[in-house]
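Please open the model in your viewer and keep the selection panel at hand.

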Amino acid sequence: MKHWIKCSPTNTAVPTLVASAVFMVFSASTLAAAQPGNGSPPVNASPRATAHTGEVVVILAKEEAGTVDPTLASMTALRRPPFDSFRSLSRLSRSEIQLGVGQEQDVLLPNGRRVRLKLEQVLPNGKLRIRASINRPDKKDYLPLLQVVATPGDPFFVVGQSHQGGTLIVGIKVTP
Amino acid sequence: MNKAHPTGPSHPTGPSHPTGPSHGEQLLRWNRGELSAEEEQAFLEEDNRLQEQFDAPPVDAHSVESSRAVSDDALRNLNGLNEALQQALLPSEQELPTEELWARIQTGIRQSVQPGPDNVVELHSTRRKVILRWVPAASGLAMAAAAMFVLVHFDGESTVEDSVGISASTPPVATPPVATPLVEGAALGSAQEPTHEEAPAAVAAGSPQDGTTVEEVDFGHHAGTVFAVAGDHGQPLAVVWLSDEEELL
């Protein structure tokens, strides 16, 4: 059964549309005025002088049967694929770092390369934009560039360097 | 006294015989009555022959009969084909209720396009006003929400440096310090790991925005891949896996 709807012309639609448009413009302008950089300071703004701490953990992983360093037991990610294929995990080093915005810091690796870290930006949402590279001094022989956006306290990993018959896992995290 | 010409004045007067008197001379003599009976007979026969040649080409009786027979055969064939087509089409034509079908179609069309009291819903004035008022308002709200989303999105891309007025030309540290390895102690993310309560509210623990993501990577001359593993709270943790053919130590 087809139904027909009878509607007579009305003059209520035009004012309503105008009101909607005004509301939309008002909302957009209000939101724009509330953005950081337009006068209001951001909630999570950090002054440049504030240093962020962090750490770089270097792990030697092997597929041969072995032991897992108990200090790594709390790292849930290392128990998940593909890391679970390593049956031997030993922590070679743990380095503490301090990074200010725009500052760089190097961390020596046991294979002679260096991890160079730079805190590029602290985003208004609190996340950190971090640049990292792993190379021998004055060379670009392994990882020329890695740029990561990280929640403070959440690590990221660089895996794959060969060392002493195993594979290096480099875990990096920066805290607020 | 001149005799009437047997074929009229348009009779050709050209010579019909290369030798002897021409047909025109014979015509003159025939008009003056100077032809003998034999000459007159010959003249008339010749005149008749010339007339036939002039009026129409000679017709072969056999060819006429042949073409007539062919035409009769073709006509019979056409008639047979016509009868065969009629016999083939007649049953289906008789089976199709053409008139009835078209009548039903037209009746249905007339019934469907004529609104009546049974198939017309009268939209009450209050409902119409509500619809006409809130549909544009809802559209405006949706557009405002879209604008809000865009602004919030761009908010995530802006930097604190921009907001606090620090220029991008801040001189970098010339010689980065080298961190010294610490003694064996707390594991990554154990004692010194800040609790998620310490994190900004915008990145509360367990939220989908947590974790680490790779924005840019340059593998250099090595083969590599980027993926993520789940962290303690299910947040994605970026992993860059890079091959290394050279063992330095």
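Begin with the surface of chain A, which exposes about 7,800 Å², with carbon and sulfur atoms supplying 58% of it; accessible areas come from the Shrake-Rupley method with a 1.4 Å probe, and for residues only the protein chains shown count as cover. This is a predicted model, in which local features need pLDDT of at least 70 and side-chain atom pairs count only at pLDDT 80 or more, while totals for chains, interfaces and linings use all residues. Residues are numbered from 1 along each chain as its sequence is written, chains are lettered from A and ligands numbered from 1 in the order in which they are written, and side-chain values use heavy atoms, with hydrogens and water left out.

Colour chain A by secondary structure next: it has 1 helix and 9 strands, in the order β-α-β-β-β-β-β-β-β-β from the N terminus (DSSP runs, H or I of at least four residues for helices and E of at least two for strands, numbered from the N terminus). Of its 176 residues, 53% are buried, that is, under 20% relative accessible area with a 1.4 Å probe, protein chains only.

Now select strand β7 of chain A, residues 143-150, where 8 of 8 residues are buried. Strand β6 of chain A (residues 128-135) runs antiparallel to β7(A) and is joined to it by 6 bridges (strands pair if DSSP finds at least two bridges between them), with A:Leu128 partnered by A:Ala150. β7(A) also pairs with strand β3 of chain B (residues 212-218), again in the antiparallel sense over 6 bridges, and here A:Val148 has B:Val214 as its bridge partner.

Move on to the open sheet of 6 strands, ordered β3(A)-β2(A)-β9(A)-β8(A)-β5(B)-β4(B) with mixed pairing. Because β3 (88-100) of chain A and β4 (224-230) of chain B stand at the edges with a single partner strand each, one side of each is left without a neighbour in the sheet. At the chain B end, β4(B) and β5(B) (residues 236-242) pair antiparallel over 7 bridges, and B:Ala230 stands opposite B:Pro236.

Finally, show the side chains of A:Val115, A:Leu117, A:Ile130, A:Leu146 and A:Phe156, which touch the most other members of the largest nonpolar core, a group of 31 residues (a core is a set of buried Ala, Val, Leu, Ile, Met, Phe, Trp, Tyr and Cys residues joined through side-chain atoms within 4.5 Å). A second, separate core of 16 residues includes A:Val57, A:Leu78, A:Phe157 and B:Val229.

Notes:
Buried < 20%, exposed > 50% of the residue type's maximum accessible area, 1.4 Å probe, protein only.
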